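Subject: Structure for you to look through

Dear colleague,

I am handing over the structure that we talked about, and below it you will find an account of what was found in it. Please keep the structure open while you read, so that you can follow each part.

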Amino acid sequence: MSTAIPAAQANIEQRFRKAASYPRPQPPAFASVEEERQHRKQKLAAAFRIFGKLGYDEGVMGHISARDPENPNHFWMNPLGLSFSLITADDLLLINLDGELVLGEGFPHPGGIPLHSAILSLRPDIISVAHTHALYGRTWTTTGRLIPPSTAESAVFFERHAIYDSHANGEGDNLVRALGNNRALLMKNHGLLTVGQSVDETAYLFISLEKVCQSQIAAESIGSTETMDEHQARRSSERFQAYSGWLNFQPAYQSIIKEQPDLAGRNALDIRNPF
Ligand SMILES: [Zn+2]
């Protein structure tokens, strides 16, 4: 019996190594910048449709942006007043970092443009920004507390999110300074904001963070909660990379494009199954 335990341990490690060596789905490559642009706009329209289904809209509040792949000083975002649940890739407006409408028909979003242009100007590594007043996120922000690493999902945000009072300090450069190198902001008494290196990552982080807030509110309503060990939480947060965010968005994307193919607009690319 004394030799059985090390042998079993070796087998487990071997299985982990084998499992880790399998290839994984990868983001697509593009034949042209036009194709990449359409792909990005489709992903952005899909993110809106998913946010709509999940009930993240609140009147005309809320916006998601995507930096243009050819002109990094331009970004695509939703027009004011159009339902998240109806947006197509053709409805998106092209705005420059000075806040000017460059292309598209519809009403530029007066609340969204300053926020997105500030972040995309000062953080060239960020491709996409999402902000809405989704219910559980905005409710959690009233606590004025960071989210404790209670679950694997909340640990993704461990030491990678911050609290910001947008009512007192605005939604421009001060907000970008508060964002720092984080992947999310809890905008106090207001809502959530996430950023990422792809629309996929930004949208996944937003959906996950909203659920994290819901989960934490539920856990605290039961009574006292236990958090993860700090080292474990840090490890989880560090292991989550831009690729993780991209990958985790794909199931939601596959479902929405199959269910609502019109979201892709007139120049739809066949990216129903990117694998
Ligand atoms: Zn807002």
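**A helix across the sheet**

Helix H3 (residues 112-122) lies across strand E1 (63-67), strand E2 (74-77), strand E3 (93-96), strand E5 (128-132) and E8, and runs at about 35° to E1. Please bear in mind that this is a predicted model, in which local features need pLDDT of at least 70 and side-chain atom pairs count only at pLDDT 80 or more, while totals for chains, interfaces and linings use all residues. Residues are numbered from 1 along each chain as its sequence is written.

Helices (H or I, at least four residues) and strands (E, at least two) are DSSP runs, numbered from the N terminus. Axes are lines fitted to C-alpha atoms, for helices over the stretch in contact, and angles run from 0 to 180 degrees between N-to-C directions. Two residues are in contact if their C-beta atoms, placed from the backbone, lie within 7 Å. A residue is buried if 20 or more other C-beta atoms lie within 10 Å of its own, exposed if 12 or fewer, and partly exposed in between, with C-beta atoms again placed from the backbone.

With those terms in hand, H3 is mostly covered, since eight of its 11 residues are buried. The buried residues are Gly112, Ile113, Leu115, His116, Ser117, Ala118, Ile119 and Leu120, and what covers them includes helix H7 (173-179) as well as E1, E2, E3, E5 and E8.

**The sheet itself**

The eight strands form an open sheet in the order E4-E3-E2-E1-E5-E8-E7-E6, with mixed pairing, where two strands pair if DSSP finds at least two bridges between them. Strand E4 (101-103) and strand E6 (161-164) stand at the edges with a single partner strand each, so one side of each has no neighbour in the sheet. From one strand to the next, the twist averages 25°.

Towards the E6 end of that order, both kinds of pairing can be seen. E6 and E7 pair in the parallel sense over four bridges, and Ala162 has Leu185 in E7 as its bridge partner. Strand E7 (residues 184-187) and strand E8 (residues 191-196), in contrast, run antiparallel and are joined by four bridges, with Met187 standing opposite Gly191 in E8. The hairpin of E7 and E8 has three residues between the strands, and there Asn189 takes a positive phi near 55°. Within E7, Ala184 and Leu186 point one way while Leu185 and Met187 point the other way, and all are buried.

Helix H2 (residues 33-53) packs against helix H10 (residues 242-259) at an angle of about 85°, with their axes 10 Å apart. H2 and H10 are therefore roughly perpendicular to each other, on a scale where angles under 35 degrees count as roughly parallel, over 145 as roughly antiparallel, 65 to 115 as roughly perpendicular and the rest as oblique. Lys43, Ala46, Arg49 and Ile50 of H2 make the contact with Ala252, Tyr253, Ile256 and Ile257 of H10. By class, this contact of H2 with H10 has six nonpolar, no polar and two charged residues; Ala, Val, Leu, Ile, Met, Phe, Trp, Tyr, Cys and Pro count as nonpolar, Asp, Glu, Lys and Arg as charged, and the others, Gly among them, as polar.

Helix H8 (residues 199-222) also packs with H10, at an angle of about 75° and with their axes 7 Å apart, and this pair is therefore roughly perpendicular too.

**A loop residue, and the whole protein**

Asp57 is found in the loop between H2 and E1, and because Asp57 has 17 C-beta neighbours inside 10 Å, it counts as partly exposed. The C-alpha atoms of Asp57 and Leu135 are separated by 9.2 Å, although these residues are 78 residues apart along the chain.

Taken as a whole, the protein has 10 helices and eight strands, and buried residues make up 38% of its 275 residues.

With best wishes
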